[in-house]
Amino acid sequence: MKAVAIRAFGGPEGLAVIDVPAPVPAEGQVLIAPEAIGVGGVDALIRSGALAAYGFQEGHIPGGEVAGTVTAVGGDVDTSWIGRRVWAFTGVGGGYAELAIAPVEEVLPLPDNLSAADAVTLGSSGVVAHFGLSHAHFAPGESVLVRGAAGSIGIMTVQLAARRGAGAVAVTTSSAERGDRLRELGATHVLDRSGEGGDDAPSGYDVVVDVVAGADMPSFFAKLHPNGRMVAVGAVGGQPPADFGAAMMAAFQRSLSFATFSAATVAVHDRRAVRTEQFAAAGRGELRAVVHELLPLEQAVLAHRKMAAGEVFGRIVLTP
Ligand SMILES: NC(=O)c1ccc[n+]([C@@H]2O[C@H](COP(=O)([O-])OP(=O)(O)OC[C@H]3O[C@@H](n4cnc5c(N)ncnc54)[C@H](OP(=O)(O)O)[C@@H]3O)[C@@H](O)[C@H]2O)c1
């Protein structure tokens with residue numbers, strides 16, 4: 001089968017189309033012929049070599065999220081999966097391929113009215129957004145700031161905060177055009193990347209959901225109301241300063257909280273339940289998956305270049 005692998009760590013040009021034997025599902029696994037493959041920031045990190053210490057070596061086939069049709073199952077897996085359209089989390093990779101393996105507990109049937117591209121755009125990001133807001137103890141009526149809102153996680157957080165009754169949903173983004181698109185998705189105030197602008201924006205927020213982290217992260221503590229909570233769900237801007245805790249301590253009398261959140265800590269059945277509900281809501285048109293562009297699998301290099309150039313609003317999806 002055709003796949004895209006990391007030939008050499010570094011830039012997008014290190015990805016290459018290769019021919020490899022089709023994988024065979026082991027016990028507990030299914031084999032999927034993807035119609036759509038999600039391209040995520042973590043794929044770019046692995047490609048760069050930054051995660052080599054975690055076992056991601058050259059030769060690795062990236063891709064953690066696919067949607068398509070089950071073509072075979074491992075020995076102990078219910079054969080009724082065969083022929084079903086599904087979304088799946090493949091785990092550590094293997095998604096950029098004509099056939100991909102996933103553990104059956106990470107496979108979910110697709111509603112008929114949800115496209116494979118939409119499914120891989122909201123499948124993981126929706127779960128991060130949902131549980132990220134819960135981790136921040138978000139309550140209806142509270143104000144939320146989504147930092148780095150133009151990616152798939154931010155877009156879902158904006159929509160879910162609005163659906164769950166936020167009093168205000170502010171976003172940071174780098175252009176007025178993106179701001180307009182985020183308003184259509186539920187944002188009430190549009191700020192620049194530093195959190196400024198938005199004339200009528202609230203003076204503070206109960207919750208900050210941060211996809212960015214990086215050097216500027218501590219400056220957003222000042223935007224939290226007393227008892228405010230910031231939850232870091234990503235780090236697209238890199239690591240925060242090592243002494244960022246000092247900024248939190250300096251605001252001691254405002255009783256602020258900081259937490260990280262990873263969907264890896266959510267039980268599989270809770271992730272499945274939320275994803276099922278979100279897929280149904282998306283099928284009814286109540287949640288929108290923003291697909292930036294569909295590209296053929298062979299153009300994975302171009303997809304990664306577009307991501308590196310910051311061109312992507314939502315998610316790029318590859319099609320085998
Ligand atoms: N918590 C979890 O369980 C979980 C699961 C999967 C992934 N992740 C993490 O989530 C992140 C990816 O999320 P995503 O795909 O939604 O994000 P993304 O699309 O890569 O980036 C979101 C937005 O952040 C803004 N941005 C990028 N670099 C920036 C910078 N240096 N400073 C300020 N803003 C910047 C850009 O928007 P503008 O240009 O409009 O500002 C960009 O569109 C990664 O860190 C990944 O590791 C977390």
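Biologist: Arg 275 sits in helix H7. Why is Arg 275 called buried?

Modeller: This is a predicted model, and the values are computed from it. Count the other C-beta atoms within 10 Å of Arg 275: there are 21. The cut-off for buried is 20 or more. Arg 275 reaches that cut-off, so it is buried.

Biologist: Which residues does Arg 275 touch, leaving out those up to four places away in sequence?

Modeller: Arg 275 touches Leu 108, Gly 123, Gly 126 and Val 127. A contact needs C-beta atoms within 7 Å. Leu 108 is 167 residues from Arg 275 along the chain, yet their C-alpha atoms are separated by 8.4 Å. Note the atoms: the 8.4 Å is between C-alpha atoms, while the contact cut-off is for C-beta atoms.

Biologist: What makes the length of H7 close to the expected one?

Modeller: H7 spans residues 268-283, which is 16 residues. The expected span is 1.5 Å times one less than the number of residues. That gives 22 Å, and H7 reaches 22 Å from its first C-alpha to its last.

Biologist: Which residues of H7 are buried?

Modeller: They are Arg 271, Arg 275, Gln 278, Phe 279 and Ala 282. They cover an arc of only 105 degrees around the axis, so they lie on the same side of H7.

Biologist: Why do residues three or four places apart point the same way in an α-helix?

Modeller: An α-helix has 3.6 residues a turn, so such residues point the same way.

Biologist: What packs against the buried residues of H7, and what is carried by the face turned away?

Modeller: Strand S7 (107-109), helix H2 (116-122) and helix H3 (125-135) pack against the buried residues. The face turned away carries the exposed residues His 269 and Ala 273. Just after H7 comes Gly 285, with a positive phi of about 85 degrees.

Biologist: How do you know that the buried residues of H8 are on the same side?

Modeller: The buried residues of H8 (300-308) are Ala 300, Ala 303, His 304 and Met 307. Their arc around the axis is only 95 degrees, which puts them on the same side of H8. What covers them includes S1, S2, H1, strand S14 (291-296) and strand S15 (315-319). Just after H8, Gly 310 has a positive phi of about 70 degrees.

Biologist: How do you know that the buried residues of H1 line one face?

Modeller: In H1 (residues 41-48), the buried residues are Asp 43, Ile 46 and Arg 47. Down the axis, they fall within an arc of 100 degrees, so they line one face of the helix. Their cover includes strand S1 (2-6), strand S2 (15-19) and helix H8. Gly 49 follows H1, and its phi is positive, near 100 degrees.

Biologist: Why is Gly 55 called exposed?

Modeller: Gly 55 has 8 other C-beta atoms within 10 Å. The cut-off for exposed is 12 or fewer, so Gly 55 is exposed. It lies in the loop between H1 and strand S4 (65-73). Gly 55 and Val 92 are 37 residues apart along the chain, with 9.8 Å between their C-alpha atoms.

Biologist: What about His 137: why is it called partly exposed?

Modeller: His 137 has 14 other C-beta atoms within 10 Å. His 137 is in the loop between H3 and strand S8 (143-147). Its phi is near 55 degrees, a positive value in a residue other than glycine.

Biologist: And why is Ser 255 called exposed?

Modeller: Ser 255 has 11 other C-beta atoms within 10 Å. The cut-off is 12 or fewer, so Ser 255 is exposed. Ser 255 is not a glycine, yet its phi is positive, about 50 degrees. Its loop runs between helix H6 (244-250) and strand S13 (257-260).

Biologist: Which residues come nearest to the ligand?

Modeller: Of the 28 residues around the ligand, the nearest are Gly 148, Gly 151, Ile 153, Ser 174 and Gly 234. H1 and helix H4 (152-163) are the elements that give two or more residues to this shell. H4 gives the most, with three residues.

Biologist: How do the residues of the shell divide?

Modeller: Twelve are nonpolar, 14 polar and two charged.

Biologist: Where does UniProt place the feature "domain: Enoyl reductase (ER)"?

Modeller: The unreviewed UniProt entry places it at residues 10-318. In the model, that span is 26% helix and 25% strand, and its end C-alpha atoms lie 20 Å apart.

Methods
Residues are numbered from 1 along each chain as its sequence is written. This is a predicted model: local features need pLDDT of at least 70, side-chain atom pairs count only at pLDDT 80 or more; totals for chains, interfaces and linings use all residues. Helices (H or I, at least four residues) and strands (E, at least two) are DSSP runs, numbered from the N terminus. The arc is that of the directions from the helix axis to the C-beta atoms. Two residues are in contact if their C-beta atoms, placed from the backbone, lie within 7 Å. UniProt positions are given in the numbering used here, feature names are shortened, and annotations may be inferred rather than shown by experiment. A residue is near a molecule or strand if its C-beta atom, placed from the backbone, lies within 6 Å of it. Ala, Val, Leu, Ile, Met, Phe, Trp, Tyr, Cys and Pro count as nonpolar, Asp, Glu, Lys and Arg as charged, and the others, Gly among them, as polar.
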